[in-house]
Amino acid sequence: MATKKPASDYSESSIRVLKGLEPVKQRPGMYTRTENPLHIIQEVIDNASDEALGGHCTHIAVTQNTDGSITVEDNGRGIPVGLHPEEGVPTVEIVFTRLHAGGKFDKGSGGAYAFSGGLHGVGVSVTNALSSRLEITVWRKESDGNGLHHMVFANGDVIEPLNSRPAPRDGKKSGTRVTAWPDPKYFDSPNISQTELQRLLRSKAVLLPGVTVTLTNAKTGDTQTWQYAEGLRGYLTETLAQVSNGETLIPLFEGAQYAGPDSEGFAEGEGAAWVVAWTEEGAIVRESYVNLIPTSNGGTHESGLRDGLFGAVKNFVEMHSLLPKGVKLLPEDVFARASFVLSAKVLDPQFQGQIKERLNSRDAVRLVSTFTKPPLELWLNQHVDYGKKLADLVIKQAQSRQRSLQKVEKKKSSGVAVLPGKLTDCESSDITRNELFLVEGDSAGGSAKMGRDKEFQAILPLRGKVLNSWETDRDRLFANNEIHDIAVAIGVDPHSIGDTPDLSGLRYGKICILSDADVDGSHIQVLLLTLFFKHFPALINKGHICIARPPLYRVDAPARGKKPMQKIYALDDGELLAIEDKLRKEGVKQGAWSISRFKGLGEMNAEQLWETTMNPDTRRLLPVTLGEIDHMTSAARFNMLMGKGEAAGRRAWIEEHGNEAEADI
């Protein structure tokens, strides 16, 4: 008689290999927003927008059909339908059924898209995976006559193969029409917000001057049309009028600049268009885009705009000696009352996650800052009266910020302990900005000290591995020098879950664990997280604890097409494989790039550590939270993982949960 396989059995059959579009169906939240189907429809709209961005499309039409489906149609070139030279199946089928396939990987000379919304390569294949039905019609200008091509998918699979026939002579010359029926089971709600859809389409019209965008509701028969001649300027003026009564202090600062063929450090065509308004009161309007993709959570291009504006205003204020004694300007003082619309063009954009809400490309900070600072500085010095009005607003912001800090300082001026000698403190006393980096090793601490921004970043190097404090009594904690120094530097006494500790002495808004990107570094992270969870839980609850993510690899990529020579950093093996795969798709020969592995933070020089790990504009910093797990469950888990007498429990847990490892594959 066959024996039943135990639930905890971990064998070869436990490893699942997800093929095709299965990963999207298994975990749709990793690839798209699941509140409603807007984002999977946006993927189709973005494809049409990319055609318009390249100058191949003048009309994008979106229709909300009576049966719940949505149709997106453009008059672009039409998705290629011939057999793919490597795969041997129609190219349009690959686009809709394969992850990491698309025309936007080909960035070199002659590529179909010089600028497009990202390189994740999931796009409309996710739309197809999460739709119960999807129909596509393509009109192509063929060499032997116009062609009309049609195919149908259900749940991501082909149910009607590509059917091609000559198009009528008086019919449409070229373009693509996609109709999708989003599957409600993948979304919290099947209903798309009409306001969000309208805002999305309106923004496309703003960013694509001369392109007509229409939205038709088949149920009501209503049609809305957007076409903007003034582009960003008209959009910001109109939006500000709707949400704010405040008049602008100076005429709108607007401009556009793009790199030429001889620009050092930037690819030809990279750059930005922007319009900025400063108001004394009322609501603030801020919208940013990268290659027409809305970046609702901002990113490095917005950081570049902030740095450019700050540099120009700061130089103007200093040149005209307008700054009162004792006042120091910060970027947020210039940015606090600024409304803007920013549209950046980046050849190879790197986004945070698959939904592209935030730009992570490090070069975008320098790109936008370099192009926005000189024209604003020049304009302010040509219009000194307007410049002084803006300077007055900015100085008032700085004075207000400093006054609020002084109130906090009075409350916590007494009873300050002597700070550890190895702590390299920051200059600012603004807790909302200050950061403390707990750095593994003295050599890494040296690089961090040289690479940091001494205005708001403090460094505390740690020697060796911190004590496992899970079973250490509170009154014995300070017997360990490292823990003593951490507690004194932070300014908060040890406490337990359920206590209400006095946090008025807290000296840093962010306490960042910075360790090597290897197994030993992960162990140090766990030991420090154990310390904070057990003895400083309020810091976790208030969101003060973070983990810095230094890279494990650096890839030196040669110049390719429009892209100059690059240094690309990878956090782990997975990112390294993705970078190498992308380089191959861009036509770089195997072996033309070199890979360096950082054995530890001490191997990184100050500039590299700042750029990759400490610069707030370009780093990836993970906030530590408990999520949906309560304290009791977390405490039990920590006890099993960190308790000295829990070896048997740890072994049983690993054996029981080992078959869940495919979640990270």
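## Rings, cores, a sheet and a helix

This structure holds 8 aromatic pairs. Keep in mind that you're looking at a predicted model.

**A ring pair to look for**

- Tyr569 and Phe598 make an aromatic pair of the stacked kind, with 6.4 Å from centre to centre and 20° between the planes.
- The two partners come from distant parts of the chain, 29 residues apart: Tyr569 sits in strand β19 (residues 566-570), while Phe598 is in the loop between β20 (594-597) and α16.

**The nonpolar cores**

- The largest nonpolar core has 59 residues, and the ones with the most contacts inside it are Ile41, Ile45, Phe96, Ile136 and Leu201.
- Which helix gives this core its largest share? That's α2 (residues 38-53), which puts in 7 residues.
- Zoom in on Leu201 and, leaving aside residues up to four places away in sequence, you'll find that Leu201 touches Ile45, Val62, Val213, Thr214, Leu215 and Trp226.
- There's also a second, separate core of 40 residues, including Val276, Phe335, Val368 and Leu380.

**The open sheet**

- Follow the 5 strands of this open sheet and you get the order β9-β10-β13-β11-β12, with mixed pairing.
- The edges are β9 (253-258) and β12 (293-294), each of which pairs on one side only.
- β11 (residues 286-290) pairs with β12 in the antiparallel sense, over 2 bridges; Val290 has Ile293 in β12 as its bridge partner.
- Helix α6 (residues 232-243) packs on the sheet and touches β9, β10 (271-278), β11 and β13 (338-345). The direction of α6 makes about 30° with that of β10.

**Helix α11 and its two sides**

- Helix α11 (residues 442-451) has these buried residues: Ala444, Gly445, Ser447, Ala448 and Gly451.
- Why do they end up on the same side of α11? Because they cover an arc of only 160° around the axis.
- As background, an α-helix has 3.6 residues a turn, so residues three or four places apart point the same way.
- Now look at the other side of α11, where Ser443 and Met450 are exposed.
- What do the buried residues of α11 pack against? Their partners are β14 (435-440), β15 (457-462) and α16 (606-614).

Technical notes
Residues numbered from 1 in each chain as written. Predicted model: local features only at pLDDT ≥ 70, side-chain atom pairs only at ≥ 80, totals over all residues. Heavy atoms only, no water. Core = buried A, V, L, I, M, F, W, Y, C linked by side-chain atoms within 4.5 Å. Buried < 20%, exposed > 50% of the residue type's maximum accessible area, 1.4 Å probe, protein only. Helix = DSSP H or I, 4+ residues; strand = E, 2+ residues; numbered from the N terminus. Contact = heavy atoms within 4.5 Å. Pairing = 2+ DSSP bridges. Axes fitted to C-alpha atoms, helices over the stretch in contact; angles between N-to-C directions. Arc of directions from axis to C-beta. Phe/Tyr/Trp six-rings, centres within 6.5 Å; stacked < 30°, edge-to-face > 60°.
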